[in-house]
Amino acid sequence: MEELNELLQQRRDKIESFQAAGVDPFANDFTVTHNAQQVLDAHADDDKQKLEEVNVTYRLGGRIMARRDFGKAAFLQLQDGSGRMQIYVAKNQVGEDAFEQFKKFDIGDIIGVSGSPFRTKTDELSVRAAEIRLLTKSLLPLPEKWHGLTDVETRYRQRYLDLIVNPEVGEVFRKRSRIVSLIREYMLESDYLEVETPMMHQIAGGATAKPFVTHHNTLKMDLFLRIAPELYLKRLVVGGFDRVFEINRNFRNEGISIQHNPEFTMMEFYRAYATYHDLMDFTEELLCHVTDKICGSLVIPYGDKEVDLTPPWDRLTLKESIVKYGSADMTVLEDRDKSFAYAQSLGLELDSQIGHGKLLAEIFDVVVEPKLWQPTFITEYPTEISPLSRKNDQNPDVVDRFELFIVGRELANAFSELNNPLDQKERFLQQLKEKEAGDEEAHGMDEDYIRALEYGLPPTAGEGIGIDRLVMLLTNSASIRDVILFPQLRPEIS
């Protein structure tokens with residue numbers, strides 16, 4: 001710490017030195033005309049002789065990442081948003097006064113350079129500086145051995161520093177931006193209307209999760225940060241928007257892990273006159289399209305294994321998946337007491353009064369989900385755990401729903417929507433009983449949503465896709481924190 005304070009004081013002294021010499025250490029009057037990648041692309045095939053004939057001046061702005069001094073000249077590595085460019089600074093080119101000021105520049109300083117391209121003796125494309133200016137004096141030194149840090153939270157906490165010194169991190173977030181853009185373009189081309197719905201709800205609904213609570217002073221009422229936009233989006237389908245989607249944030253007051261952040265990005269979409277089978281086909285098409293554009297192939301690496309997204313993807317009912325991956329007999333799963341005994345044999349500690357549907361879901365989470373590496377649709381979820389889904393016509397104990405799993409994680413959840421207001425009200429009432437019994441994740445009663453259904457929701461299917469988890473998959477990232485610019489962390493200990 002003492003060494004850092006000394007460096008900080010040295011750089012502060014340099015600010016005073018620059019100011020005394022009439023140099024603004026935080027200037028804002030330098031015009032940038034190009035970035036590093038544009039220069040590299042423009043002259044990638046030009047040899048030394050051709051560059052000598054080029055009469056062009058580039059004005060670049062960026063951060064000094066490295067320097068090698070040779071008395072009256074120096075080489076710099078200049079980094080901007082596009083990449084790095086080598087800069088050659090010579091006293092006889094920039095002038096004696098400018099070179100004297102340049103000698104005080106530190107790694108981390110942001111500078112402006114004006115010059116022409118050339119190739120060095122080692123044939124590296126570079127820019128020969130005719131002008132060099134200090135634009136922003138850096139007070140804190142960049143870490144010398146950033147890659148060796150064992151405290152990964154420092155990378156997440158100081159993401160700005162992570163982006164400066166680890167170019168591959170920036171590439172993840174550029175891919176994230178492109179993934180979202182590709183999804184949006186695909187939805188718009190598929191005739192979906194993009195909408196925005198409220199982030200603060202009077203009633204927490206649309207998913208099974210514990211909400212964050214806030215308070216509106218003027219209205220003198222508590223509000224909930226939304227756990228899902230579902231009920232508002234379906235109101236829009238009632239209103240005549242047959243295809244709608246929203247890409248936005250959800251908030252769930254739950255644990256933090258490599259798969260969970262309390263604030264996360266989802267795309268939720270609804271299509272009138274469609275079933276969950278239609279959405280399975282659509283999801284395959286959408287995700288294959290995005291994967292091919294981002295990765296150039298449908299076979300992609302993840303960790304030390306591969307994922308093959310080539311359609312068609314596997315489709316199994318929840319019970320079929322337990323039989324396949326849990327070595328259970330279907331007759332066991334059809335009987336509640338036998339299912340409970342099977343769960344106990346797995347070491348699950350469950351309430352003896354747990355319903356059959358929740359019981360099967362608990363078993364699935366343990367014996368099936370971690371094994372679903374290749375893309376797999378799981379269908380026919382129990383009605384008991386699906387309060388907004390349409391009951392199956394042949395078997396009312398299950399609903400017309402699927403979840404998509406890839407690399408052992410849920411990536412999407414969809415179902416044919418429950419549009420019977422009488423049935424929906426009964427399920428809300430059941431949820432209220434569970435909430436009163438202590439279930440903090442149970443739905444509240446939304447009377448206005450029931451009223452909307454009474455006006456008539458056409459046959460509809462809806463789906464939510466986890467954007468963060470999709471980005472994890474397509475960028476081969478092990479943790480959700482690696483794909484969220486500023487993940488939620490505990491307060492920093494000073």
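Student: In what order do the three strands of the open sheet lie?

Tutor: Strands here are DSSP runs of E with at least two residues, numbered from the N terminus, and two strands pair if DSSP finds at least two bridges between them. Strand 7 (200–201) and strand 8 (213–216) are the edge strands, each pairing on one side only. The pairing is antiparallel, and the order is 7-9-8.

Student: Which residue of strand 9 is the bridge partner of Met-200?

Tutor: First, a word on the source: this is a predicted model, where local features need pLDDT of at least 70, side-chain atom pairs count only at pLDDT 80 or more, and totals for chains, interfaces and linings use all residues. Residues are numbered from 1 along each chain as its sequence is written, and side-chain values use heavy atoms, with hydrogens and water left out. Strand 7 and strand 9 (residues 221–225) pair in the antiparallel sense over two bridges. The bridge partner of Met-200 in strand 9 is Leu-225.

Student: How many disulfides does the structure hold?

Tutor: A disulfide is a pair of cysteine sulfur atoms within 2.5 Å. The closest cysteine sulfur to that of Cys-288 is in Cys-295, and it is too far for a bond because the distance is 11 Å. The number of disulfides is zero.

Student: Is Val-407 buried or exposed?

Tutor: Val-407 sits in the loop between strand 16 (401–406) and strand 17 (409–416). Buried means under 20% relative accessible area, exposed over 50%, and partly exposed in between (1.4 Å probe, protein chains only). The relative accessibility of Val-407 is 9%, so this residue counts as buried.

Terms used. Helices (H or I, at least four residues) and strands (E, at least two) are DSSP runs, numbered from the N terminus.
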